[in-house]
Amino acid sequence: MSEIETFRTETRAWLEENCPPEMRQPLTEDDLCWGGRNWTFQSNAQRQWFEAMAERGWTVPDWPKDYGGGGLTSDETRILKQEMSRIGARPPLTSFGISMLGPALLKFGTEQQKRHYLPQIARGEIRWCQGYSEPGAGSDLAGLQTRAEDRGDHWLVNGQKVWTSYADKADWIFCLVRTSTESKQGGISFLLFDMETPGVSTRPILLISGYSPFCETFFDDVKVPKAQIVGEVNRGWDVAKYLLGHEREMISGMGLGSGGSLGAATMPQDPMLRAEIARFDVDALAFSAMSERFAAMWKAGEAHPASPSMMKYAGTELNKRRNELMMAAGGSDSLEWDSDRSRNGAAPRDWLRSKGNSIEGGTSEIQLNIVAKHILQLPGA
Ligand SMILES: Cc1cc2nc3c(=O)[nH]c(=O)nc-3n(C[C@H](O)[C@H](O)[C@H](O)COP(=O)(O)OP(=O)(O)OC[C@H]3O[C@@H](n4cnc5c(N)ncnc54)[C@H](O)[C@@H]3O)c2cc1C
């Protein structure tokens, strides 16, 4: 047996033994394990699964072992994902540290920053939020106005962010600030700071799904130690863009849902709807194959820098379609909002939440502009 086949066999056996049955159920946003200073596990099964995976570094299987990762090769990582998907295993830890900040630190962080922050992310000790958007800077992100003044041994941060997901639950923020007004993109820096620093406050915003994961975030004379900058002063736009590529890749994965397929359980009698579902399943399979190919090209440094935009557009449109079909297949039962039978309206809340997929991380229109300009070389987008 080849080394890689042995890895698959051992991984399969390990997962069978260590992934509790409760952690193999389909999950809603409420079932996610976010970690962080104030995290309380929702069940023993959730704790057990998280601890087993974290001990192996498999919350971030492809990060180097020195930084708390599993040290797996890309082939091993792919096999681990396939084997987890085969048994419907939930992710042991969901975190903006894993999907966004970590990759940016691996590329732009100092050795000291990597050794400090990455193992904390891998062990789920710190919950991060993303301070990019502002009331006047969404699609035009580089127009951001939150400023950080150099005060010798620290930065003094003043301004406001908006749509900061889970800011009220996060321990730390990665934040874009203006350190110079001389150039738009060239005057931005990338700071990390504790949300408990005096002067930071948050105000939740209610969402269409009935949940309130969003916040307005205010900074009023917040002192940030000088060392907590990632990359160089006024070069934070490079870090921000790189992180956005990873964010878009992560969001595109939502198109695959739990394995992508809608599954036989929801298959309705109506032949038109059945045909729509079959068409969706074929598109989801094609997207899944494209994702794997893209991930391999990305790792090998062969992917076009704008390809996360292509993936994000395709994946989020697919996820919205999946949710529409789930609602149609469920009939009037899908409209249940508050009941045990509907798991507190999981389907309609997910459907409403999916509307935001084509906005967060950059809207579909912006992704299409990027594809038009950088991949198709069209003028004037
Ligand atoms: C679920 C969700 C979670 C989010 N989480 C975070 C977070 O954690 N942290 C964070 O910083 N931000 C977050 N955001 C904010 C998100 O990044 C912004 O909403 C997004 O970038 C769009 O900015 P905007 O809302 O200001 O819209 P605008 O930029 O005002 O856009 C309004 C409309 O105009 C269109 N438009 C704008 N410019 C162009 C153009 N040049 N060409 C064509 N059309 C254009 C847009 O596509 C959109 O339809 C989140 C958003 C959502 C929905």
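## Around the ligand

Of the 18 residues around the ligand, S133, S139, W163, T363 and E365 come nearest; a residue counts as near if one of its heavy atoms lies within 4 Å of the molecule. Keep in mind that this is a predicted model, where local features need pLDDT of at least 70 and side-chain atom pairs pLDDT 80 or more, while totals for chains, interfaces and linings use all residues. Residues are numbered from 1 along each chain as its sequence is written, and side-chain values use heavy atoms, with hydrogens and water left out.

Sorted by class, the shell has five nonpolar, ten polar and three charged residues. Here Ala, Val, Leu, Ile, Met, Phe, Trp, Tyr, Cys and Pro are nonpolar, Asp, Glu, Lys and Arg are charged, and the others, Gly among them, are polar.

Next come the polar contacts, meaning pairs of N or O atoms within 3.5 Å. An oxygen atom of the ligand sits 2.7 Å from a polar backbone atom of S133, and an oxygen atom of the ligand is 2.9 Å from a polar backbone atom of Y132. S165 uses its side chain: an N or O atom there is 2.8 Å from a nitrogen atom of the ligand. On its own the ligand exposes 980 Å², and the protein buries 66% of that (Shrake-Rupley method, 1.4 Å probe).

## A pocket and a cavity

The second largest pocket holds about 230 Å³ of space. A pocket is an open set of points on a 1 Å grid with protein on both sides within 12 Å along at least five of seven lines, and lining residues have an atom within 4 Å of a point. Among those lining this one are E29, D30, W34, R127, K169 and Y166; by class the lining has six nonpolar, two polar and four charged residues.

The whole structure has one cavity of 30 Å³ or more, a cavity being a set of points where a 1.4 Å probe fits but cannot get out. The largest cavity has a volume of about 40 Å³, and its lining includes M23, W49, R90, P91 and P92.

## Aromatic pairs

There are 16 aromatic pairs in the structure, with ring centres within 6.5 Å. The rings of W34 and Y166 have centres 4.7 Å apart and planes at 50°, so this pair is tilted (under 30 degrees is stacked, over 60 edge-to-face, the rest tilted).

Definitions and conventions
Polar contact = N/O pair within 3.5 Å; in protein donor to acceptor, adjacent residues only side chain to side chain. Points joined across faces, edges and corners; volume = space filled by probe spheres on them. Phe/Tyr/Trp six-rings, centres within 6.5 Å; stacked < 30°, edge-to-face > 60°.
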